[in-house]
Amino acid sequence: MNPIAKRSSRRRTMVAAAIVLTVLGGFVVRLIDIQVVHAEEHRADSVDQRAGYEKLFGTRGTIVDENGVVLASSTMRYDVNIDPTLVADIERTAEDGSEHLQTWDEQAALIAQIVGMDVEEIKRIVADKKANEPESQWAELTRGVSTAQYQALRELEVPYLTYDPRPSRSYPNGAVGGNLLGFESNDGEALAGVERWQNDCLEAKDGEETYQIGRTDGIRIPGSEQVTPATDGGQVQLTIDSDLQWYMEQMIAEETQNQKAISGTVYIQEVKTGKIRAAAQYPAMDPNDVAGTDPAYRGSLVFGTTFEPGSTFKAITAASLLEEGVANPLSTVTAKDWEEFPNGARLGDSHPHPEQTYTLAGALIDSSNVALSKFGEMLPEQKRYEWLQKFGIGGGAVVGFPGEQNGWIAPPAEWDNQQHYATTFGQAFTATIPQVASAYQTIANDGVRVAPQLVESCTTPDGEVTAAETAEPERVISEGTAQQLQLMLENVAFQSSVAEQIKVPGYSIATKTGTAQKPAEGGGYKPGVYFTSMVGFAPADDPQYVVMITLDEPKRVTSSAATAPAMQKAMAYVLQSYRVPPGRTEPETKLPMLK
């Protein structure tokens, strides 16, 4: 080819290339104009006609025990709906750029595979709706698919499926801690327990996704999406040990039924930290099936029950006497099993005995109401009232749990002749289980109260840990007074009528029983029925755990002795579970009951 021909051929090629580039440039400019420069205008044209919207649900946070075992978690379930008017074959573009037609039959087969339905059933739902309601844009396809199934359905990119999300709360351990965990309503509102109490930590914040849909094909317009992301809830860690909680729930259920009681509870608190390791009850609730539980037992009996603590608070009368310096463990009074006092009050003990001279320690060992009344008179009413308040009576809820009761006590000016004495042995005022246990934690901790704690921390989704707020430890009585009380209560456990029933091999324990009368409607007390309790700590020589047992109206044994088998089982199990080293098995000093 001659040079002129070569130049002519090259010129034609360059001209053709320039034309192609000019055309492509025009397309690019127009595309930028449509999708960038005037995107909002074009989008606005379609928004009024076909705007799409989806709520993006955050995941509610988990509740875990002290070891991280999940007690409550959330899953999202979706109800899948279909618009029969939009069902049609769809043009698809493969990865290699080739185009093909995806038939409705092929789409139905993919949907069926994901949701676990028969493909013919899916096709029948659509066909029936078209035949019977040809204008209808809604039919239910299936309910309650998982998040993974939901994501797989969305990846099909079909315009006719819509989804109604349904957050679902799950409690994998069933009734274990159920009355503490609480529950939600059907629409996700936290109604009770930790779910309600710690909702600020657990609650998720919903987001949203908006987009435009093509007017004719119903397909989402690429690039039109605007997303406000959802925020997941945080994780609440409790101080509860779920294994310990499980055992205590089984044990208290068995003992409540053995004693033919209405209900029972067991409460375990760590002495040094105040952390609650178990708070079990019977009857109990499974939060997976709230409706299956009597409404009376959907809350926590541990935090929601008030009662006259009875003889368990004789130790607090002793504490006030020791601290005020008006008595010591060997101080004495003379008491019969039944006496009428100078002000006209009549008091009796639970068992007959002759007139005898009790030591203060002996009045606790024999649990003599008459003797404690005489010891109590060594302090004026106002001073005794102040000491009851110092030990938490009438001072409000100690944990802050939803539905937690406060207990109650009248001021001394309102005490009648009987109440003047009854307050010395735990009657004429009410308390809660955590309040009584907290009083014994104070004694066991050498006189320093550490507030009971049920919540350890909240951890946000990004890992920030916020420890639960707790009150500063508070000295209530001196170390010397506390140690005298520890020895006295150890002697109670060693010398009382239930000593053999509560013995824990390898350990010495400290306990006190309580048999409280139950108020009757219209005043007075119900005849022959009692709210029984026992509270104590172990090991007595180095207190680590406080345990409290209650039974409401036991009928097999009506006295506080009914709680002895449960106390022995609970105390033995907690000491073994936490590998507390054995120590002495009896008091270092045996205090005399009588002089």
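Figure 1. The model is predicted: local features need pLDDT of at least 70 and side-chain atom pairs count only at pLDDT 80 or more, while totals for chains, interfaces and linings use all residues. Residues are numbered from 1 along each chain as its sequence is written, and side-chain values use heavy atoms, with hydrogens and water left out. Helices (H or I, at least four residues) and strands (E, at least two) are DSSP runs, numbered from the N terminus. Strand E11 and strand E26 (residues 545–552) are antiparallel partners joined over 8 bridges; two strands pair if DSSP finds at least two bridges between them. The open sheet has 5 strands in the order E12-E11-E26-E25-E24, and its pairing is antiparallel. Strand E12 (276–282) and strand E24 (510–519) are the edge strands, each pairing on one side only. On average, neighbouring strands of this sheet are turned by 10° against each other, direction ignored. Helix H9 packs on the sheet and touches E11, E12 and E26, its direction making about 35° with that of E12. Contact means heavy atoms within 4.5 Å; axes are lines fitted to C-alpha atoms, for helices over the stretch in contact, and angles run from 0 to 180 degrees between N-to-C directions.

**Figure 2. Glutamine 259 occupies the loop between helix H9 (242–258) and strand E11 (263–270).** The residue counts as buried because its relative accessibility is 3%. Buried means under 20% relative accessible area, exposed over 50%, and partly exposed in between (1.4 Å probe, protein chains only). With neighbours within four places in sequence left aside, glutamine 259 is in contact with Leu551, Pro554, Lys555, Arg556, Val557 and Ala562.

**Figure 3. Helix H16 (residues 433–444) crosses helix H17 (residues 479–495) at roughly 110°.** The two axes come within 8 Å. H16 and H17 are therefore roughly perpendicular to each other; angles under 35 degrees count as roughly parallel, over 145 as roughly antiparallel, 65 to 115 as roughly perpendicular and the rest as oblique. Tyr440, Ile443 and Ala444 of H16 make the contact with Ala482, Leu485, Gln486 and Leu489 of H17. By class, this contact has 6 nonpolar, 1 polar and no charged residues. Ala, Val, Leu, Ile, Met, Phe, Trp, Tyr, Cys and Pro count as nonpolar, Asp, Glu, Lys and Arg as charged, and the others, Gly among them, as polar.

**Figure 4. Tyrosine 440 is one of the residues touching the most other members of the largest nonpolar core.** A nonpolar core is a set of buried Ala, Val, Leu, Ile, Met, Phe, Trp, Tyr and Cys residues joined through side-chain atoms within 4.5 Å. The largest core has 84 residues, of which Leu238, Phe391, Tyr440 and Met488 touch the most other members. Helix H16 supplies the largest share of this core, 7 residues. Not counting residues up to four places away in sequence, tyrosine 440 touches Thr312, Ala315, Leu489, Lys512, Val535, Phe537 and Val546.

**Figure 5. Strand E19 (residues 429–432) has buried residues pointing both ways.** Phe429 and Ala431 point one way, whereas Thr430 and Thr432 point the other way. Strand E13 (residues 306–307) pairs with E19 in the antiparallel sense over 2 bridges, and phenylalanine 307 stands opposite alanine 431. Strand E18 (residues 408–409) also runs antiparallel to E19 and is joined to E19 by 2 bridges. Threonine 430 is the bridge partner of tryptophan 408.

**Figure 6. Three strands form an open sheet in the order E1-E8-E9.** The pairing is antiparallel. Strand E1 (51–56) and strand E9 (226–228) stand at the edges with a single partner strand each, so one side of each is left without a neighbour in the sheet. From one strand to the next, the twist averages 10°. Strand E8 (residues 207–212) and E9 pair over 3 bridges, and glutamate 209 has valine 227 as its bridge partner in E9.

**Figure 7. Tryptophan 197 belongs to helix H7 (residues 193–197).** At 26% relative accessibility, tryptophan 197 counts as partly exposed. Its contacts, leaving aside neighbours within four places in sequence, are Val399, Gly400, Phe401, Pro402, Leu454 and Val455.
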